[in-house]
Amino acid sequence: GATLTGSIRNRATGETRAITGVLTVTDGPAGVFRWDYAAADVAEAGRFDVQFTAAFAAGLTPARTFVEQWTVEAAL
């Protein structure tokens, strides 16, 4: 019953933007979800920090994951 969102922060510039791809819960009780990237999520090559947030109707909300480093490679 959570709504998932996420943020991408460019490690070089500090600019933060929202994830625009689809976040789909695949195993709610285990906290597992899938991120289907949108073109905007991977349009810029570089090093980024990514963090996801789950907002619940009740209880401890919002819940945030730890920040994870993520690299988008330039296309050949």
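What percentage of the 76 residues in the protein chain is buried? In this predicted model, buried residues account for 21% of the 76 residues in the protein chain.

**View 1. Overall fold of the protein chain, seen as its strands.** The protein chain contains seven strands and zero helices, so that, read from the N terminus on, its elements follow the order β-β-β-β-β-β-β. Along its principal axes, the C-alpha trace of the protein chain extends over about 45 × 20 × 15 Å. Of the contacts in the protein chain that link residues at least 6 apart in sequence, 44% are formed between residues at least 24 apart.

**View 2. Pairing of strand 3 with strand 4.** Strand 3, made of residues 22–27, runs antiparallel to strand 4, made of residues 32–36, and the two are joined by five bridges. Within this pair, L23 is the residue that stands opposite W35 of strand 4. As a guide to reading such a view, side chains in a regular strand alternate between the two faces of the sheet.

**View 3. The turn of the hairpin.** Strand 3 and strand 4 form a hairpin with four residues between the strands, and in this hairpin G31 adopts a positive phi near 70°.

Key. Residues are numbered from 1 along each chain as its sequence is written. This is a predicted model: local features need pLDDT of at least 70, side-chain atom pairs count only at pLDDT 80 or more; totals for chains, interfaces and linings use all residues. Side-chain values use heavy atoms; hydrogens and water are left out. Buried means under 20% relative accessible area, exposed over 50%, partly exposed in between (1.4 Å probe, protein chains only). Contact means heavy atoms within 4.5 Å. Two strands pair if DSSP finds at least two bridges between them.
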